[in-house]
Amino acid sequence: MRSAAPTLLVASLVASASASPPTEWANGHWYQVIDAPCLGWHEARAAAEAAGGHLATIGSSGENHFVRGLSSYFAIWIGLYQDPDAPDFTEPAGGWRWITGEPLSFTNWWVDEPNEINKGEDFGHLNAPWIGDGQWNDHRPEGCFAYAIEWDADCTGDGLVDFGQILAGEYRDTNGNGVPDCCDAGTPCDDPCPGDVTGNGLVNPVDLAALLVDWGTAGDSEFETDCNEDGIVDADDLAIVLAEWGPCS
């Protein structure tokens, strides 16, 4: 794994006075509540996904309490919505789903909620602290609330959430999308410098020449020219070599 400083994405989130710091919970997932700018549900969902996560899904009272505690004032959008096409859809209590598709095994509705008191109240949020104990309310999507991001992806397959490893500097995330660069590029994440096909710690014309010699083959010569290990030495491998040109870091 390549060591790197925290990314611009992570640095900007942590530095923001309107955001809680990214925090790991007992399930190994990472969470952050963004208080400002406040967004509607759809905008909050897009913002969470652009950061490499998703609006938080809540599976237990402990998780609910943890997420609620990340913001001291605002109501918080979560990844809960009402699906009108669901087989169990009825107003107001049927068809509620998590955006991840995981089972809705835990609920924490406020008294007499959901109630569809206004048409279109199809999106869930955690109430502000003075209204219940992080209990849920259904709301129209244009409400101006904080939102909770949850990171749980493990594209590297090592059993750890990628976002936490990016924060720790274990993986590089140069484009700030919350996904390790190795996953974006389709390269092995346990290879710190896949463009260094000759293994001398430097990506230079020697690596380029070796790659061109193996062009169109499976890359099974003396050098590891199939940088992304997809079975053929081609333009994707050339792009990796060019992107990593210079000393391996």
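His-125 sits in strand E6; helices (H or I, at least four residues) and strands (E, at least two) are DSSP runs, numbered from the N terminus. Setting aside its neighbours within four places in sequence, His-125 is in contact with Ala-75, Ile-76, Trp-77, Ile-78, Gln-135, Trp-136, Asn-137, His-139 and Phe-145, contact meaning heavy atoms within 4.5 Å.

A word on what you are looking at. This is a predicted model, in which local features need pLDDT of at least 70 and side-chain atom pairs count only at pLDDT 80 or more, while totals for chains, interfaces and linings use all residues. Residues are numbered from 1 along each chain as its sequence is written, and side-chain values use heavy atoms, with hydrogens and water left out.

Now step back to the whole protein. You will find seven helices and ten strands. The radius of gyration is 22 Å, well over the 18 Å that the globule rule gives for 249 residues, so the protein is more spread out than a compact globule. Here the radius is taken over C-alpha atoms, and the globule rule is 2.2 Å times the number of residues to the power 0.38. Taken along the principal axes, the C-alpha atoms fill a box of roughly 70 × 40 × 30 Å. Of the 249 residues, 47% count as buried. Among contacts between residues at least 6 apart in sequence, 58% join residues at least 24 apart. The protein exposes about 11,700 Å², with carbon and sulfur atoms supplying 56% of it; such areas come from the Shrake-Rupley method with a 1.4 Å probe, and for residues only the protein chains shown count as cover.

Next, look inside. In soluble globular proteins, nonpolar side chains tend to be buried together. A nonpolar core is a set of buried Ala, Val, Leu, Ile, Met, Phe, Trp, Tyr and Cys residues joined through side-chain atoms within 4.5 Å. The largest one in this protein has 19 residues, and those with the most contacts inside it are Trp-41, Ala-44, Leu-55, Trp-77, Tyr-147, Ile-149 and Trp-151. Strand E2 (30-39), helix H2 and strand E8 (145-151) each supply at least two residues of this core, and E8 gives the most, with four. Apart from this core lies another, of 18 residues, including Tyr-31, Phe-66, Trp-96 and Phe-106.

Aromatic rings deserve a look of their own. A search of the whole structure finds 13 aromatic pairs. Rings of Phe, Tyr and Trp (its six-membered ring) pair if their centres lie within 6.5 Å; planes under 30 degrees apart count as stacked, over 60 as edge-to-face, and the rest as tilted. Take Trp-41 and Phe-123: their ring centres are 4.7 Å apart and their planes stand at 40°, so the pair is tilted. This pair links distant parts of the chain, with Trp-41 in helix H2 (residues 41-50) and Phe-123 in strand E6 (residues 123-126), 82 residues apart. Trp-41 counts as buried at 1% relative accessibility, and Phe-123 counts as buried at 11%.

Trp-96 and Trp-109 make an edge-to-face pair, 5.0 Å centre to centre with 65° between the planes. Trp-96 belongs to strand E5 (residues 96-98), while Trp-109 lies in the loop between E5 and E6, 13 residues apart. Both Trp-96 and Trp-109 are buried. Together with Trp-98, Phe-106 and Trp-136, Trp-96 and Trp-109 form one aromatic cluster.

Finally, follow the backbone itself. Most residues other than glycine have a negative phi, and most peptide bonds are trans. Which peptide bond joins Glu-91 and Pro-92, cis or trans? The bond is cis, with omega about 5°, and Pro-92 lies in the loop between strand E4 (76-82) and E5. Another cis bond joins Glu-113 and Pro-114, with omega about -5°; Pro-114 is in the loop between E5 and E6. Asp-112 also lies in the loop between E5 and E6. Although not a glycine, Asp-112 has a positive phi of about 65°, and Asp-112 is exposed, with a relative accessible area of 64%. Glu-229, in the loop between helix H6 (205-213) and helix H7 (235-243), is not a glycine either but has a positive phi of about 55°. Glu-229 is exposed too, with a relative accessible area of 61%.

Methods. Buried means under 20% relative accessible area, exposed over 50%, partly exposed in between (1.4 Å probe, protein chains only).
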